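Please look over this model before our next meeting. My comments are set out as numbered points.

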Amino acid sequence: MISALLYLQYHVFRNRLVSRVKRLKQPKYLIGAIVGGLYFYWYFFRYLFGGYAGGRQPPVNFTFSPEHLQLIELFGALVLFVIVVLAWIIPRERAALTFTEAEVAFLFPAPVTRRNLIHFKLLRSQLGILFTSLLLTLFSRRIGGNALIHALGWWLMLSTLNLHFLGASFARTMLLDRGISNRLRRLLVLGLVAAMAVFVWIWAKRTVPGLSSADTTDFNAILDYAQRVLTVGPALYLLYPFRLVVRPFLAPDATAFFAALAPALLLFLLHYLWVIYADVAFEEASVEASQKLAVRLAAIRAGNWQGAGKKQKAKRPWFRLTATGPAPTALLWKNLLGVGQVFSPRLWIILFTVVVILGISLGNIGHRPNVSVMAAILIAAALGYSLLLGPQLLRQDFRHDLPLADVLKTLPLRGWQIALGEILAPVAVLAAIQWLLLLVGAGLIFYLPGKYEALFLAIALGAAVLLPVLDWLLLLIPNAAVLLFPSWIQTGKDSPRGIEATGQRLIMALGQLLVLLLALLPAAVAFVGVFFLLNLALGPVAAVPLASLAATVVLAAEAGLGVMLLGMLFERFDVTEEHTS
Amino acid sequence: MIQVEGLTKLYGEFVAVNELSFSVQPGEVMGLVGPNGAGKTTTLRCLSGIIPPTRGAVRVGGHDIVRDPIAAKKQLAFFTDEPRLFDYLTVWQHLNFVARIYQVPDYERIGAGLLEELEIANKRDALPGELSRGMKQKLAIACGLLHSPKVIYFDEPLTGLDPLGIRRMKDSILKRARAGAAIIISSHLLHLVEEICSRILILKNGRKVIDGTLEEVTRKFSEQPGDTNLEEIFFRATSEPGTNAPAVPPPLPHGNER
């Protein structure tokens, strides 16, 4: 029977690979593959297996002393310990092996034993584990060490963890069947962990000399203390199984690796036997899990990445939509409801409260200029990141609605009206966040050292005027890109994956950056021109907001043209051609 | 009400719809039938302005769908086989949204009536994710009918409906036709077409095979008067010439009958 499952797994993998290779006939995938391949080679693969001949050096090449290795091993073991404890505390569902709906339909009614289904699941999870191990090796190899040892070490850690998660889910189900509720189980596990922590703490307090107040500022002293606590006494034994799992990965050479391999493999084998011989009914929960998976995949394929992981909730509209008035408002209203799945009014209240509390706190510490400067830098950085990440995270526009393009096309609206309505919601939300940040920044200005309050306020005012239009422009570019190259953007049906998709995204990101720079050029010229003229006559305090206003006018004209262009693109967008391409 | 002249749609070199011409008058229900890949959905998409025709003209209520799309689209509703809804809008919010788009001032009265008629009034605050497939279909219909369209296209309208839902859908289609709407139904369910359509258009490989009333079509394809139903007509009209293929597929062998 297992041969049939192997056959299925092999052919699913092979066909997926073949279809990936076949689509390289299309230039868009071929170019993407070349760029993606170069990217991966440049950043990762050239440091792998091939060594560092020809004068090439790895970015960082650490050599660890045995003491450092032991400390790293201990921290690794501690991390594994925390992960395992969380696996026993957080989940609440019964054991469920995640199958696709097709697998449930074919395998569950078939004469396949439960044990074979587990084998199939384990086998399939190996694909993901192997890929993740390779990816992690690409990263970890960059700090030195042997690539093969890293890869095998990662594989062993991930495989053992995978088996442990499965075994823990079976144990959880058995406990539930025996009347031990999730709450009781969590209390028991937390109690056990707390008892262990108290035991280690009491032992350390009696045996290991404590840290002096001077030591708390010395990182090396803290590390030494942690090493003493963890390497001697109960912690050493409590973490011992976890250290065995981490040890092969940290082996400095082949001899040490093989010495560490045997106990780690024994643990792996014990986990395997635990999972295979646990006779737990997982079918019902698996059917439910497969349905959830299908819904999640459908949401992702429909471009709804944000809503993919959770159940949607009905939200109250942000404002009342009357039946008459400008039609694009309806799209804004609709998309704000979509944004509301993430940015609920409650979140806004929390954000506002945080801002107020932050403002008051900063007022109280205003006499410490360093803190004020640091906070101001943080706000400036947050504003910068909002421009960089905001348009990527807020996707309640064409990027979200493109799978429903046929519905939008039946609406009795001009292309520009649809484009305007689609883009308004993310602009409004992003601008609101930025204004909140500017509000905090404006409050801070009075606590900054020096006598530049007026100038900083002028800059904040200029930014407040400029940012919404800049957001508009920043959001226009990916929206135009999605209409021009729908399959290159992460939306729509069957969004591509793999190296070629990474390459496509790189090309798109570079293209968008180039378009943005071109779009910003006239505004920058207007800003600089007006600033220099007015600076001479009125001084910088007046020149900055007025120059910002001039730049805003230029950007607004571009944004207006951009909406018209976006509308034209949408009108020309052929849903069927894209689906058949 | 619907006038189509020389409608042609190409995908690259592939001809999906070829020189299609027909018209549908107010109160008429036209059945659009044909084998898979005949071009039915492409035709409906061109007729509703979702995709532009490569050649030809489509007029809805006298308005050209390409030159005057807003006026044309205000008069029509298109119901796809799979209900297409916004996953984060509730049932009522869908109606509110559509009302603003189509500027329907008394949408609350009309919408409440439609929800009652379609028996989903108790799902007013539910999201599409909480609705069964049939209910989603009903919501899509409520949205489409809110602005009282004069032209209605249905693509496989009975998919996923229970027997009562099927009965109500047929009644609803006929009711709209009696009220003066021009209706086109694309379906593989020939008994549905036979039952409620006053006219039939058979498509094959993007080309019109025949267009006329059921009587006219029957007359053309029957060997003797009164010996033919739509299913047989369909097979005769769409079978490849010269293949000697049987008009109707042979029954399953004894014991395999379903």
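1. Confidence. The model is predicted. For the complex, the predictor reports a pTM of 0.70 and an ipTM of 0.78. Chain B has a mean pLDDT of 85, with 90% of its residues at 70 or more.

2. Domains of chain A. The domain assignment of chain A lists domain 1 (1-24 + 33-43), domain 2 (66-295) and domain 3 (314-580). Where domain 1 of chain A meets domain 3 of chain A, eight residues of domain 1 are in contact with seven residues of domain 3. On the domain 1 side, helix H2 (residues 27-43) of chain A gives the most, with seven residues. That side of domain 1 of chain A has five nonpolar, two polar and one charged residues.

3. Domains of chain B. Here the assignment gives domain 1 (2-75 + 151-238) and domain 2 (85-148). Note that domain 1 of chain B is written as two stretches, 2-75 and 151-238. The centres of the two domains of chain B, taken over C-alpha atoms, are 26 Å apart. Their contact takes five residues from domain 1 of chain B and four residues from domain 2 of chain B. The domain 1 side of this contact in chain B holds one nonpolar, two polar and two charged residues.

4. How to read the next points. Two packed helices are described by two values, the angle between their axes and the distance between the axes.

5. H3(A) and H6(A). Helix H3 (residues 66-89) of chain A packs against helix H6 (residues 147-177) of chain A at an angle of about 25 degrees, and their axes are 9 Å apart. H3(A) is therefore roughly parallel to H6(A). Their crossing is right-handed. From H3(A), the residues A:Ile83, A:Val84, A:Ala87 and A:Trp88 meet A:Leu161, A:His164, A:Phe165 and A:Ala168 of H6(A). By class, this contact of H3(A) with H6(A) has seven nonpolar, one polar and no charged residues.

6. H10(A) and H11(A). Which way do helices H10(A) and H11(A) cross, left-handed or right-handed? The crossing of H10(A) and H11(A) is left-handed. Helix H10 (residues 240-250) of chain A and helix H11 (residues 254-277) of chain A have axes 8 Å apart, at an angle of about 130 degrees. That angle is why H10(A) is called oblique to H11(A). In H10(A), the residues A:Pro241, A:Leu244, A:Val245, A:Arg247 and A:Pro248 take part, and they meet A:Phe257, A:Ala260, A:Leu261, A:Pro263, A:Ala264 and A:Leu267 in H11(A). The contact of H10(A) with H11(A) divides into ten nonpolar, no polar and one charged residues.

7. H20(A) and H21(A). The axes of helix H20 (residues 499-538) of chain A and helix H21 (residues 540-572) of chain A lie 8 Å apart, and the angle is about 155 degrees. H20(A) is therefore roughly antiparallel to H21(A). The crossing of H20(A) and H21(A) is right-handed. The residues of H20(A) in this contact include A:Ala519, A:Pro522, A:Phe527, A:Phe531 and A:Leu538. Among those of H21(A) are A:Pro540, A:Val544, A:Leu546, A:Ser548 and A:Glu558. Counted by class, the contact of H20(A) with H21(A) has 19 nonpolar, two polar and one charged residues.

8. The contact of chain B with chain A. How many residues does each chain give to the contact? Chain A gives 32 residues and chain B gives 31 residues. On the chain B side, helix H1 (40-47), helix H2 (69-74) and helix H3 (91-102) of chain B each supply at least two residues. H3(B) has the largest share of that side, seven residues. The side of chain B that touches chain A divides into 16 nonpolar, eight polar and seven charged residues.

Terms used
Residues numbered from 1 in each chain as written. Chains lettered and ligands numbered in written order. Predicted model: local features only at pLDDT ≥ 70, side-chain atom pairs only at ≥ 80, totals over all residues. Contact = placed C-beta atoms within 7 Å. Helix = DSSP H or I, 4+ residues; strand = E, 2+ residues; numbered from the N terminus. Nonpolar A, V, L, I, M, F, W, Y, C, P; charged D, E, K, R; others polar. Domains from an automatic or database assignment. Axes fitted to C-alpha atoms, helices over the stretch in contact; angles between N-to-C directions. Parallel < 35°, antiparallel > 145°, perpendicular 65-115°, else oblique. Left-handed = near helix turned anticlockwise from the far one by under 90°. pLDDT = per-residue confidence, 0-100.
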